Amino acid sequence: MEALRVRCFSCHVGMRIKGEHAGKLKKCPACGTVFLVPRHGGEALPPPETTLKSSRRKEEKTENKAEKISEPPAASEVATLPPSIQPDMPESIMPVEQPKRLEPRNRYLVLDSQKVVAFWQLEKGWQVFHEGKWVPVKRQPQLLPKQGDFRLVELDFTPEGENIYLTRLRIYQLAQQYSISKLAGDDTAILSTITRSAGLLGPQKRAIMDFLKTQFMRETWTHTTSIYDFLLGFDAHSWNIGE
């Protein structure tokens, strides 16, 4: 069966789920919300309370059974564990190789769910927004949050004649604890906290566009159609966009 394109009703992250799971409960890999997979794709549905309670009882029974097993379960036992609420990892959200360095010509943004928390450029290092302006992180490390849901966005700029253009955008998920505090140390330390690729939600896309508007001429960041369309569109799961 063809994969279904489904969007979580809670966090609105898009994903692909095998068609055979239509009508079953799944967990969103981004926020953990349990939802009912629609039979024809689209917006996921909140699970009926009776179905959710039934699934929880199955989970509790499975956990109790696991506590009593002193040895790894046989393959036949594993096959009977309820799969209905195990998440499918969207095809476009997957483990990735961590970048080895910050490319000198690029810009790097750290976002929370709503705004740009910090950004990097070669001449200034990591900057954090404080009292209406960007200041070096190393001067204000106390402003960095200790935990949360953060994305690292790499903005790849390519020179073309006398101009530069944004030609590729990559999005990475960062570890939820103490990843941002690494910005106060070595510039590249943040790269070690990347856990996988990730998508962007609407508020995060708007935050990137607002940042770009303050830093570059419009033609610099609208040159690559696929990136511009991504920032304006509803795609919440692509992580590597551009030429």
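Student: How much space lies in the largest pocket?
Tutor: Happy to start there. Keep in mind that this is a predicted model. The space in the largest pocket comes to about 200 Å³.

Student: Which helix gives the most to the lining of the largest pocket?
Tutor: Two helices, α3 (202-215) and α5 (225-232), each supply at least two residues of that lining. Of the 14 lining residues, L201, G202, K205, G233 and F234 lie nearest the pocket's centre. The helix that gives the most, with three residues, is α3.

Student: How many residues of the lining are nonpolar?
Tutor: Let's sort the 14 lining residues by type. Four are charged and three are polar. The nonpolar ones number seven.

Student: Is E131 buried or exposed?
Tutor: First, find E131 in the loop between β8 (125-130) and β9 (133-136). Its backbone has a positive phi of about 55°, although E131 is not a glycine. The cut-off for exposed is over 50% relative accessible area. Because E131 has 70% relative accessibility, it counts as exposed.

Student: Where does Y178 lie?
Tutor: Y178 is another residue to look at for its backbone: its phi is positive, about 65°, although it is not a glycine. Follow the chain to find Y178 in the loop between β11 (163-174) and β12 (194-197).

Student: Which residue forms a salt bridge with E103?
Tutor: The model has six salt bridges by count. The closest N and O atoms of the pair are 3.1 Å apart, and the partner is R101.

Student: In the salt bridge of R151 and D149, what is the N to O distance?
Tutor: Look at the two ends in turn. R151 is buried, with a relative accessible area of 7%, whereas D149 is partly exposed at 37%. Their side chains meet with an N to O distance of 2.9 Å.

Student: How many residues apart are D156 and R170?
Tutor: These two form a salt bridge, with 3.8 Å between the closest N and O atoms. The pair links distant parts of the chain, D156 being in strand β10 (residues 151-160) and R170 in strand β11, and the two are 14 residues apart.

Student: Which residues are linked with D156 and R170 in a network of salt bridges?
Tutor: Start from the pair itself: D156 is buried, and so is R170. The network of salt bridges links D156 and R170 with R105 and E154.

Notes:
Residues are numbered from 1 along each chain as its sequence is written. This is a predicted model: local features need pLDDT of at least 70, side-chain atom pairs count only at pLDDT 80 or more; totals for chains, interfaces and linings use all residues. Side-chain values use heavy atoms; hydrogens and water are left out. On a 1 Å grid over the protein atoms alone, a cavity is a set of points where a 1.4 Å probe fits but cannot get out, and a pocket is an open set with protein on both sides within 12 Å along at least five of seven lines; lining residues have an atom within 4 Å of a point. Grid points are joined across faces, edges and corners, and a volume is the space filled by probe spheres set on the points. Helices (H or I, at least four residues) and strands (E, at least two) are DSSP runs, numbered from the N terminus. Ala, Val, Leu, Ile, Met, Phe, Trp, Tyr, Cys and Pro count as nonpolar, Asp, Glu, Lys and Arg as charged, and the others, Gly among them, as polar. Buried means under 20% relative accessible area, exposed over 50%, partly exposed in between (1.4 Å probe, protein chains only). A salt bridge is a side-chain nitrogen of Lys or Arg within 4 Å of a carboxyl oxygen of Asp or Glu.
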